[in-house]
Amino acid sequence: MQALTPYELLGGEAMLRRLVSRFYQIMDEDPVALEVRRMHPQDLSESEEKLFMFLSGWLGGPSLYMEKYGHPRLRARHMPFAIDDFGRDQWMHCMRRAMDELPIEPELKKKLDEALWNTADFMRNR
Ligand code: HEM
């Protein structure tokens, strides 16, 4: 039997959509994330769709972002935004709150947290 991907362990498209949707709602509402919220467009729906598509492939599910936009070049795409330790931590704060609200196995949550933190840290450019 093949090992399940993180995408499948999380609960596939339905759970990933819930995660990303809560992530941006939290970013929109939580004053802790004010600076990172201000870097984003007023309407977050496109950001949400892009993050959903990206994470789908990143977690081992369908490579939706790649199919539509090509290679993510994630670090380069974040260069226009001044991302420092605080920005990284604000982004992670929203993601952690969103993950905490969903029924995710503790072991998977720990792995996702580590991998997302590393990716967010890699986006730092200031
Ligand atoms: C695990 C870490 C992260 C992932 C996976 C991620 C993913 C993405 C993706 C896929 C996009 C859309 C790129 C595009 O096609 O235009 C994006 C845009 C963006 N990201 Fe991130 N990001 C991460 C961390 C961060 C951090 C730490 C910040 C700021 C503190 C940030 C701020 C932004 C902003 C401002 C945009 C532009 C939004 C828009 O134009 O809709 N990201 N990110």
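Two or more residues of the shell around the ligand come from each of α3 (34–39), α4, α6, α7 and α8. The model is predicted, with local features needing pLDDT of at least 70 and side-chain atom pairs counting only at pLDDT 80 or more, while totals for chains, interfaces and linings use all residues. Residues are numbered from 1 along each chain as its sequence is written, and side-chain values use heavy atoms, with hydrogens and water left out.

**Ligand**

- The ligand is surrounded by 21 residues, and the closest are S47, K50, Y65, H78 and W91; a residue is near the ligand if one of its heavy atoms lies within 4 Å of it.
- The side chain of S47 has an N or O atom 2.5 Å from an oxygen atom of the ligand.
- For the side chain of K50, the distance from an N or O atom to an oxygen atom of the ligand is 3.1 Å.
- Helix α4 gives the largest share of the shell around the ligand, four residues.
- The ligand sits in the largest pocket.
- A pocket is an open set of points on a 1 Å grid over the protein atoms alone, where a 1.4 Å probe fits, with protein on both sides within 12 Å along at least five of seven lines; a molecule sits in a pocket if more than half of its atoms lie within 2 Å of its grid points.

**Helix α4**

- Helices are DSSP runs (H or I, at least four residues), numbered from the N terminus.
- The end C-alpha atoms of α4 (residues 45–58) are 20 Å apart, in agreement with the 20 Å that its 14 residues should span at 1.5 Å a residue; the expected span is 1.5 Å times one less than the number of residues.
- S47, L51, F52, M53, F54, L55 and S56 are the buried residues of α4, where buried means under 20% relative accessible area and exposed over 50%, with partly exposed in between (1.4 Å probe, protein chains only).
- These buried residues pack against α1 (6–10), α2 (12–29), α5 (64–69), α6 (74–78), α7 (85–101) and α8 (106–122).
- Just after α4, G60 has a positive phi of about 95 degrees.

**S56**

- S56 belongs to helix α4 and counts as buried because its relative accessible area is 0%.
- From the side chain of S56 to the backbone oxygen of P62 the distance is 2.7 Å.
- Apart from neighbours within four places in sequence, S56 is in contact (heavy atoms within 4.5 Å) with Y7, L16, G61, P62 and L64.

**Helix α8**

- The 17 residues of α8 reach 24 Å from first C-alpha to last, close to the 24 Å expected at 1.5 Å a residue.
- Buried residues in α8 are L108, L112, D113, L116, A120 and D121, and their cover includes α1, α4 and α7.

- R22 is in helix α2, and its side chain is joined to that of E101 by a polar contact of 2.6 Å.
- A3 is in the segment before α1 and counts as exposed because its relative accessibility is 72%.
- A3 and M66 are 63 residues apart along the chain, and their C-alpha atoms are separated by 23 Å.

Key: A polar contact is a pair of N or O atoms within 3.5 Å; within protein, one must be able to donate a hydrogen and the other to accept it, and residues adjacent in sequence count only if both atoms are side-chain atoms. On a 1 Å grid over the protein atoms alone, a cavity is a set of points where a 1.4 Å probe fits but cannot get out, and a pocket is an open set with protein on both sides within 12 Å along at least five of seven lines; lining residues have an atom within 4 Å of a point.
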